[in-house]
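Subject: Structure for your review

Dear colleague,

Please find below the structure that I am handing over to you. My findings follow it, and I would be grateful if you read them with the model open.

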Amino acid sequence: VMLAAVCALPFLFSSLRMSVTDSVYEAVSGLSTTGGTVIVGLDNAPPGILLWRALLNWFGGVGIIVMAITILPVLRVGGMQLFRTESSDRSEKPFTTLRETANAITATYILLTIASALLFHLAGMGWFDAVCHAMAALSTGGFSTKDSSLGWFNSDAVLWVATFSMLAGALPLTWYIRLLRERRVDVLFNSQVHWLVGVIVVATLAMTAWVHLVVGLAPWQALSHAAVNVTSIITDAGLVSTDYGTWGSFAVTAFFFFYFIGGCTGSTSGSIKIFRWEILFESVKMQLKRMMRPHRVVVPLYAGKKIDADVIESVVNFVSIYIITFTVFSLVMAAIGLDFITATSSIASAMAGAGPGLGPIVGPAGTFQPLPDAAKWVLCAAMLLGRLEIFTVLVLLTRGFWKE
């Protein structure tokens, strides 16, 4: 909270003359890599402000990775203890100390950002836009230098570079490190990576078919726009190429549910995350087997390893509190006076860190500027809770934590 307050000062004192509420909202959105903005007129905004927004995304992205690998497993947040081996088991983690692991993660993050910037430049962007969009894409932050985001560049090459950059940011950075250090084929067979890529491919193909057959875009255009927008929302990046809110009811409904998927653990993505969905499906499958054969001994597995009961319980609790928090915040937004689609989609986007909401106000073609100040403060709380995995914040509010 203090960091967001300090990071809001450049917005407050800039030539944009932003209010305290808008300045804090923009800072929280940047640091939480949400990407929702209240700034109208990015095309003519001061370059210093545009760079500051990109830096907030970039630092917020690498910060959440280090937290996910070093802090959340210790706190046993939402099943994260499943990944305690990444920070305590020498057979699994890339380096022997947390400091070395953090340094390797940062170096990998920087190299991926440089590669993304080079590709954006080769795709036709100027160096300034290329660097800012590389930081926004790798951090899955979504702050663009243009009001129309990626659509301003009118380039399929830019869309595909953005697609792969956002996907790269949504994969575990420790996966890259192990891949480079160990150079073993089995490292490629990461359950999270396969699930995430599989979900994105299936969703992209379905959306491409819809956009081509119903909306009427040419096949290649339909594929390019579907790929970048589907990848952006599933990985919670927030960069968009067009107003997909005009694609019809199927597209709008699908994009709403995309908010709840998320990327991999140890990545810059937010939301519920792929590994929790894997464990939930495994838990459901286990329950069905027990119902069919009550005396059968069923062992739930994740990536070939046994899942402890406390991990499943932790994941179920996390998903439950995530949905409850989403519901409560949505009701608060409705009480402030927002319509259903604006209230629910803006909260879903804020908690997932996915940038634009849905509808004519906060959708891909709009901004969060028209919302009342009270709604913006609610969204700030939703962004912080969602980005810090909810339980991390809630535990600070318990008396027992401070007594111990």
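I begin with a region that calls for caution. Over residues 85–93, pLDDT stays under 50, and the model has 15 contacts beyond four places in sequence for this stretch. The model is a predicted one, and its mean pLDDT is 87 for the protein, with 91% of the residues at 70 or more.

The next topic is a pair of helices. Helix H9 covers residues 156–170 and helix H12 covers residues 219–234; their axes are 9 Å apart, and the two pack at an angle of about 30°. Because angles under 35 degrees count as roughly parallel, H9 is described as roughly parallel to H12. The crossing in which H9 passes H12 is left-handed. On the H9 side, the residues that meet H12 include Trp160, Thr163 and Met166, while those of H12 that meet H9 include Trp220, Leu223 and Val228.

I then turned to the aromatic rings. How many aromatic pairs does a search of the whole structure find? The search gives 22 aromatic pairs. One aromatic cluster is formed by Phe256, Phe257, Tyr259, Phe260, Phe318, Tyr322, Phe326 and Phe391. Phe318, a member of this cluster, also has the charged end of Arg276 over its ring, 3.7 Å from the ring's centre. Elsewhere in the list of findings, the charged end of Arg53 sits over the ring of Phe143, at 3.9 Å from its centre.

Yours sincerely,
A colleague

Terms used:
Residues numbered from 1 in each chain as written. Predicted model: local features only at pLDDT ≥ 70, side-chain atom pairs only at ≥ 80, totals over all residues. Heavy atoms only, no water. Phe/Tyr/Trp six-rings, centres within 6.5 Å; stacked < 30°, edge-to-face > 60°. Lys NZ or Arg CZ within 6 Å of the ring centre and 35° of its normal. pLDDT = per-residue confidence, 0-100. Contact = heavy atoms within 4.5 Å. Axes fitted to C-alpha atoms, helices over the stretch in contact; angles between N-to-C directions. Helix = DSSP H or I, 4+ residues; strand = E, 2+ residues; numbered from the N terminus. Parallel < 35°, antiparallel > 145°, perpendicular 65-115°, else oblique. Left-handed = near helix turned anticlockwise from the far one by under 90°.
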